[in-house]
Amino acid sequence: MPQTRSQKDMKRALELVSSLEQADPELRRIYGGLCHSFPVMVLQSGLCQAVAFSADKASGEGPRARAHQKLLEHLGAILEVEGDLLAYLHEAPTTAYMHHTRRVLGAWVYFKRFARSVLKVEAGGDDEGR
């Protein structure tokens, strides 16, 4: 029986978030905080700017950079984009960009829920949005 997009998003989010279950606790904590704050960044600044923020943070070293790298990988998986996500979004036509924004916001509900239930990261952590 065919699944709805929400069912597919939920399954994919569970797989992606669960892949971090055995990761370094600091990485899990930072990634979980990003799961809670990313939709706010998208709503405030737009998808492209939120992705640019994470891409900049991912260029560094340490658990914070790795958490942003994972976030970008997971965004690419949801949008089914391989390669440079920022360049892809930058070149996307307006209607496609709007669709991607709605797609990310719709799917990210599950990332937030699984960050809380699987990674045990509560909203309002001190690392959200850094």
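H74 counts as buried in this predicted model, with a relative accessibility of 3%, and its place is in helix 4. Once neighbours within four places in sequence are left aside, H74 is in contact with L16, S19, L20, Y31, W108 and F111. Three of these partners, Y31, W108 and F111, are also among the residues that touch the most other members of the largest nonpolar core.

**The nonpolar core**

That core holds 37 residues, and those with the most contacts to other members are Y31, F38, V51, L75, W108 and F111. At least two core residues are supplied by each of helix 1 (5-18), helix 2 (25-45), helix 3 (47-58), helix 4 (62-79), helix 5 (85-91) and helix 6 (94-117). Helix 2 gives the largest share, with 8 residues. In soluble globular proteins, nonpolar side chains tend to be buried together.

**Packing against helix 6**

Helix 6 packs with helix 1 and with helix 2, and the two arrangements are set out below.

| Helix pair | Angle | Axis separation | Crossing |
|---|---|---|---|
| Helix 1 and helix 6 | about 55° | 9 Å | right-handed |
| Helix 2 and helix 6 | about 155° | 9 Å | left-handed |

How are helix 2 and helix 6 oriented to each other? An angle over 145 degrees counts as roughly antiparallel, and helix 2 and helix 6, at about 155°, are therefore roughly antiparallel to each other. On the side of helix 2 the contact is made by Y31, G32, L34, C35, H36, F38, P39, V42 and L43, and on the side of helix 6 by T101, V104, L105, W108, F111, K112, A115 and R116. By class, the residues of this contact divide into 12 nonpolar, 3 polar and 2 charged.

For helix 1 and helix 6, the angle of about 55° comes with axes 9 Å apart, which makes helix 1 oblique to helix 6. Here R5, S6, D9, M10, A13, L14, L16 and V17 of helix 1 meet H99, R103, A107, Y110, F111, F114 and A115 of helix 6. This contact has 10 nonpolar, 2 polar and 3 charged residues. F111 and A115 of helix 6 take part in the contact with helix 1 and also in the contact with helix 2.

**Helix 5 and Y88**

Y88 is found in helix 5 and is partly exposed, with a relative accessible area of 36%. Leaving aside neighbours within four places in sequence, Y88 is in contact with V81 and H100. Between Y88 and G46 there are 15 Å in space, C-alpha to C-alpha, for a separation of 42 residues in sequence.

**Backbone exceptions**

Most residues other than glycine have a negative phi. E80, in the loop between helix 4 and helix 5, has a positive phi near 55°, and at 72% relative accessibility E80 counts as exposed. K120, placed in the segment after helix 6, likewise has a positive phi, of about 60°, although K120 is not a glycine. With a relative accessibility of 63%, K120 also counts as exposed.

Definitions and conventions. Residues are numbered from 1 along each chain as its sequence is written. This is a predicted model: local features need pLDDT of at least 70, side-chain atom pairs count only at pLDDT 80 or more; totals for chains, interfaces and linings use all residues. Side-chain values use heavy atoms; hydrogens and water are left out. A nonpolar core is a set of buried Ala, Val, Leu, Ile, Met, Phe, Trp, Tyr and Cys residues joined through side-chain atoms within 4.5 Å. Buried means under 20% relative accessible area, exposed over 50%, partly exposed in between (1.4 Å probe, protein chains only). Helices (H or I, at least four residues) and strands (E, at least two) are DSSP runs, numbered from the N terminus. Axes are lines fitted to C-alpha atoms, for helices over the stretch in contact, and angles run from 0 to 180 degrees between N-to-C directions. Angles under 35 degrees count as roughly parallel, over 145 as roughly antiparallel, 65 to 115 as roughly perpendicular and the rest as oblique. A crossing is left-handed if the near helix is turned anticlockwise from the far one by less than a right angle, and right-handed if clockwise. Contact means heavy atoms within 4.5 Å. Ala, Val, Leu, Ile, Met, Phe, Trp, Tyr, Cys and Pro count as nonpolar, Asp, Glu, Lys and Arg as charged, and the others, Gly among them, as polar.
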